[in-house]
Amino acid sequence: MAIEGHAAFGDHQTWYRITGELGSGGVPLVVLHGGPGCTHDYLLRLADLAGDRAVVHYDQLGNGKSTHLPDASPDFWTVELFLAELDNLLRTLGIADRYALLGQSWGGMLAAEHAARRPAGLRGLVIANSPASMSLWLAAADRLRAELPPEVEKTLRAHEADGTTDSQAYKDAVQVFYERHLCRVVPMPAEVAFALAEIDRDPTVYHAMNGPSEFHVIGSIRDWSIIDRVDAVSAPTLLVSGRHDEATPETVQPYFDRIPDVRWEIFEESSHMPHVEEPARFTEVVGGFLRTLS
């Protein structure tokens, strides 16, 4: 059973979906989607982790079923804004004193920022497919791009240089990268395709914070890093990444090196979305970790 609602966040609304009962025995799991600027939809299979725990999905401000602000200036969209929204949601749902987080991609970056503040109620953290810094991410992206067919990489570079990244030729070239390093299930699962289409429908947040594609990052998070603060994370932490992930091992390594209580699972048949590329194993690994929390 799932229920939906909205949490007032200043003058805006954060949409959420709860699968299971918040009052059940297991630690509630709050799921943070990627982007920035995507929606919860591509992570809906994580509802399979419900049972003796509630699983909470939500759409971050500016996205999906939450308030859209297409006229907001780019500097409105900050890490601090989304941290405040998360804190507000935890309080609204009455779970701020006991919860776990699973953040995927940008959501994992946001979850790490939250955890580095050592909130008293955080019982556990899953950082899935997330870099510890954007400089590491961009270096990895350059290496992965160099392995693309030459004509694909030439098309990408030409349109990025000309500022024509909204062209169909650029989008087609991006798709080649995505099928290797974003989601290796072809065609993409319906929920993944829907979430990516939602970015196209309202790219306000994605363009302001990220840029036109996963590997052409020119937005406000281009200089983001948590490496010098991540050792403040005290909650038990599970790292998840795929062998073919755009979040390559070197982008994840600082989390493993610096978080005191940490373990790392690499999914050999996956890229950036092992929850849809190896769903049974993902549920087993993450579910096993969540059952160790109290």
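Which residues of the largest nonpolar core touch the most other members?

1. **Largest core.** This is a predicted model. Its largest nonpolar core holds 53 residues. V30, W77, F82, L101 and Y255 touch the most other members. Helix α1, residues 79–93, supplies the largest share of this core, with 8 residues.

2. **V30 in detail.** Take V30, one of the residues that touch the most other core members. Set aside its neighbours within four places in sequence. V30 is then in contact with V56, Y58, L86, L90, I95, A100, L101 and L102.

3. **Second core.** There is also a separate core of 42 residues. Its members include L102, L148, V192 and F267.

4. **α1 against α2.** Helix α2 spans residues 106–115. It packs with α1 at an angle of about 75°, and the two axes lie 10 Å apart. The pair is therefore roughly perpendicular, since angles of 65 to 115 degrees count as such. On the α1 side the contact uses V79, F82, L83, L86, D87 and L90. On the α2 side it uses W106, L110, E113 and H114. By class, these residues divide into 7 nonpolar, 1 polar and 2 charged.

5. **α3 against α8.** Helix α3 covers residues 134–146, and helix α8 covers residues 249–258. Their axes are 8 Å apart, at an angle of about 155°. That angle makes α3 and α8 roughly antiparallel to each other, because the cut-off for this label is over 145 degrees. From α3, the contact takes in L136, W137, A140 and R143. From α8, it takes in E250, T251 and P254. The class count here is 4 nonpolar, 1 polar and 2 charged residues.

6. **Overall dimensions.** The protein has 294 residues, for which a compact globule would have a radius of gyration near 19 Å. The protein's own value is 18 Å, which agrees. Along the principal axes, the C-alpha atoms fill a box of roughly 55 × 40 × 35 Å.

7. The secondary structure comprises 10 helices and 8 strands. Of the 294 residues, 58% are buried. Now consider contacts between residues at least 6 apart in sequence. Of these, 73% join residues at least 24 apart.

Definitions and conventions
Residues numbered from 1 in each chain as written. Predicted model: local features only at pLDDT ≥ 70, side-chain atom pairs only at ≥ 80, totals over all residues. Heavy atoms only, no water. Core = buried A, V, L, I, M, F, W, Y, C linked by side-chain atoms within 4.5 Å. Buried < 20%, exposed > 50% of the residue type's maximum accessible area, 1.4 Å probe, protein only. Helix = DSSP H or I, 4+ residues; strand = E, 2+ residues; numbered from the N terminus. Contact = heavy atoms within 4.5 Å. Axes fitted to C-alpha atoms, helices over the stretch in contact; angles between N-to-C directions. Parallel < 35°, antiparallel > 145°, perpendicular 65-115°, else oblique. Nonpolar A, V, L, I, M, F, W, Y, C, P; charged D, E, K, R; others polar. Rg over C-alpha atoms; globule rule 2.2 N^0.38 Å.
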